[in-house]
Each structure stands twice: as structure tokens, then as C-alpha cells.
Amino acid sequence: MCKFQQLAERDDGEVRLCTNCQSYRLIYKNLVFTFNRIGLENFKDNIEFCYQENLEFDFDPDERHIVFDTRLRGFQFLFSLQEVGGLMSLIQEAMIQESFLPQHIKKDPNEKC
């Protein structure tokens, strides 16, 4: 069973790291994502790209107009620029906090999920 260490928390979301299997749980509003390290980094890169791509447009930052494709056919997310910025910031904070965790917290070899 996963044993989570909280890395970042905000009113609208949080990021946790399982110290057993090294999976990341990103909870944002009513969405829950589970990633390995590479998946989290790829998601962060995609979110940053979406943010940069949409900064130049004159949209209301609270209006949901950013379509985020997934690998599932016909399944997409719709975000506002404000939400994309919040997600990006939450993930960045979690990655910074993780770098300060002691090694023994990052991996517990005696436990399995």
C-alpha cells in the first residue's frame, strides 16, 4: 500500500510522493493523476508549453479555453490560463520540495505497494 509524503499543497490541489513505489499523486480540483517521475516531468513540460503558447492570446485568464489532449481517444481536459499556471506552479513547488527530502524518505526498500 502506498505511503505518501506530501510535497506541495494549495487550496485547489496537492502533490504527494509514495515513498514505497516512487509514484506521484497529483490532485487538482476534481482530477487525480498518478505518475512515475518521467510522467510527472512530461506532464509539467506539457503544461508549461500550454501556458507559454496561450500567454500571447487576449483571453480572460479565468475562461477555460485551453484544450489539453490525453492519450485516450476522445478524452481531453479543458483549463483556463489561471488553472494551467496554478498546476505548473504546484508541480514546480513539489519538485523543489522533493529535492530537500532525506534519502531514507525518498525510498523505503522494505515496503511494497
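Student: How many bridges join E1 to strand E2?

Tutor: Please note at the outset that this model is predicted. As a general idea, two strands pair if at least two bridges are found between them. Here, E1 and strand E2 (residues 13-18) run antiparallel and are joined by 6 bridges.

Student: In what order do the strands of the open sheet lie?

Tutor: The open sheet consists of 4 strands in the order E1-E2-E3-E4, and their pairing is antiparallel. Strand E1 (4-10) and E4 are the edge strands, since each pairs on one side only. With direction ignored, neighbouring strands of this sheet are turned by 15 degrees against each other on average.

Student: Over how many bridges do strand E3 and E4 pair?

Tutor: Strand E3 (residues 24-28) pairs with E4 over 5 bridges, in the antiparallel sense. Within this pairing, Tyr24 has Phe35 in E4 as its bridge partner. The hairpin of E3 and E4 has 2 residues between the strands, and Lys29 takes a positive phi near 55 degrees there.

Student: Which residues lie nearest the centre of the largest pocket?

Tutor: They are Phe35, Phe43, Phe68, Thr70 and Arg71, out of 14 residues that line the largest pocket. Strand E4 (31-35), helix H1 (37-55) and strand E5 (64-69) are the elements that give two or more residues to this lining. H1 gives the most, with 4 residues.

Student: How much space lies in the largest pocket, and how do the residues of its lining divide?

Tutor: The space in the largest pocket is about 440 Å³. Its lining divides into 7 nonpolar, 5 polar and 2 charged residues.

Student: Why does Cys2 count as partly exposed?

Tutor: The partly exposed class lies between buried, under 20% relative accessible area, and exposed, over 50%. Cys2 counts as partly exposed because its relative accessibility is 29%. Cys21 also counts as partly exposed, because its relative accessibility is 39%.

Definitions and conventions: Residues are numbered from 1 along each chain as its sequence is written. This is a predicted model: local features need pLDDT of at least 70, side-chain atom pairs count only at pLDDT 80 or more; totals for chains, interfaces and linings use all residues. Side-chain values use heavy atoms; hydrogens and water are left out. On a 1 Å grid over the protein atoms alone, a cavity is a set of points where a 1.4 Å probe fits but cannot get out, and a pocket is an open set with protein on both sides within 12 Å along at least five of seven lines; lining residues have an atom within 4 Å of a point. Grid points are joined across faces, edges and corners, and a volume is the space filled by probe spheres set on the points. Ala, Val, Leu, Ile, Met, Phe, Trp, Tyr, Cys and Pro count as nonpolar, Asp, Glu, Lys and Arg as charged, and the others, Gly among them, as polar. Buried means under 20% relative accessible area, exposed over 50%, partly exposed in between (1.4 Å probe, protein chains only). Axes are lines fitted to C-alpha atoms, for helices over the stretch in contact, and angles run from 0 to 180 degrees between N-to-C directions.
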